[in-house]
Amino acid sequence: MLDNEVVLITGAGRGIGAAAARLFAAQGASVVINDLKSDSCDELVRTISASGGTAVAAPGDVTGDGVAEQLVTSAYETFGKLTVLVNNAGFLWDGMLHKMTDQQWQRIQDVHTLAPFRLIRAVAGYWRPAAKAEIEAGVHVRRCIVNVSSTSGLHGNVGQINYATAKMGIVGLTKTVAKEWGPLGIRCNAVAFGMIDTRLTQPVEDGHTFRVAGQEVRLGVPARLRSAIKAQIPLRRYGLADEAAGGILLLASPLADYITGHMLEVTGGLGI
């Protein structure tokens with residue numbers, strides 16, 4: 001479905017982002033893979049290339065100054081264009097509201113809302129002039145953005161005041177871009193994930209951590225809560241990373257060419 005498309009995916013070194021990169025490549029797209037860890041990017045590029053796909057590594061911290069512009073420029077320098085932007089990068093730094101520090105709050109806002117805003121602003125310099133010229137010429141080129149949100153943003157979640165706020169912010173960001181850029185034929189949608197089986201939702205006792213601001217932050221859900229959460233999911237199971245990636249592909253594909261400003265929930269029915 002995506003022959004001749006070029007896709008930039010942030011946070012694609014593992015989990016849902018990596019699954020999306022493999023899926024987009026299998027559908028014919030050339031993929032620019034961004035992640036904090038360069039070795040994760042390189043490994044995924046090798047995997048995709050071995051399967052006959054096309055991908056390049058573009059490591060970097062999406063919250064860093066100038067990184068958004070560098071990533072977009074990298075796509076154009078490598079492939080001559082960029083047609084799909086997937087804002088997927090993110091992490092958790094949970095805590096109860098009354099114990100949360102300003103730093104803990106701001107780091108989550110930076111990665112989940114500031115970074116997507118900067119990347120969208122970075123593509124504006126390429127996409128908007130091109131789209132205007134194409135409209136003048138009577139030509140249409142497919143371009144779209146898929147932002148990643150969460151059920152925590154849609155419904156709130158205990159211990160995630162920072163993350164829930166940021167992920168609800170993605171909804172407003174998505175709908176505003178859809179309204180501003182719709183006349184240019186540029187679509188913008190979002191996907192809200194529920195309990196997808198990644199290191200963010202696996203048992204916290206497994207010891208997954210993420211280093212932020214010089215601290216090792218524990219990731220995951222306490223084992224005693226996992227079964228209780230699963231019981232609330234109508235499909236009675238956690239989703240797979242590949243299934244989550246399918247939601248991203250759907251919104252980026254030609255099948256969604258008349259869908260914009262939409263929030264797609266990929267949750268197994270959680271929250272309905």
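Which residue is the bridge partner of V84 in β5? The legends below, which describe a predicted model, take up this pairing first.

**View 1. Strand β4 and its parallel neighbours.** The bridge partner of V84 in β5 is C144. Strand β4, spanning residues 84-87, is joined by four bridges to β5, residues 143-150, and the two run parallel. Three bridges also link β4 to strand β1, residues 6-9, again in parallel; within β4, V86 stands opposite I9.

**View 2. Side chains along strand β4.** In a regular strand the side chains alternate between the two faces of the sheet. V84 and V86 point one way from β4, whereas L85 and N87 point the other way. These four residues are all buried.

**View 3. Cysteines C144 and C188.** The structure holds zero disulfides. The cysteine sulfur closest to that of C144 belongs to C188 and lies 8.8 Å away; because a disulfide requires sulfur atoms within 2.5 Å, this separation is too far for a bond. C188 is likewise in no disulfide, its nearest cysteine sulfur being that of C144. Both residues are buried: C144 has a relative accessible area of 1%, and C188 has one of 0%.

**View 4. Surroundings of N147.** N147 is located in strand β5 and is buried, with a relative accessible area of 0%. Its side chain makes a polar contact of 2.9 Å with the side chain of T174. Leaving aside residues up to four places away in sequence, N147 touches several others, among them N87, P116, I120, C188 and N189.

**View 5. The largest nonpolar core and W181.** In soluble globular proteins, nonpolar side chains tend to be buried together. The largest nonpolar core contains 46 residues, of which L82, W127 and W181 touch the most other members. Two or more residues of this core come from each of β1, α3 (67-79), α4, α6 (161-181), β6 (186-193) and β7 (209-212). Helix α4 gives the largest share, ten residues. Not counting residues up to four places away in sequence, W181 touches I120, V123, A124, W127, R128, I145 and I186.

View 6. A separate core consists of 36 residues, including V7, A29, V45 and A241.

Conventions: Residues are numbered from 1 along each chain as its sequence is written. This is a predicted model: local features need pLDDT of at least 70, side-chain atom pairs count only at pLDDT 80 or more; totals for chains, interfaces and linings use all residues. Side-chain values use heavy atoms; hydrogens and water are left out. Buried means under 20% relative accessible area, exposed over 50%, partly exposed in between (1.4 Å probe, protein chains only). Two strands pair if DSSP finds at least two bridges between them. A polar contact is a pair of N or O atoms within 3.5 Å; within protein, one must be able to donate a hydrogen and the other to accept it, and residues adjacent in sequence count only if both atoms are side-chain atoms. Contact means heavy atoms within 4.5 Å. A nonpolar core is a set of buried Ala, Val, Leu, Ile, Met, Phe, Trp, Tyr and Cys residues joined through side-chain atoms within 4.5 Å.
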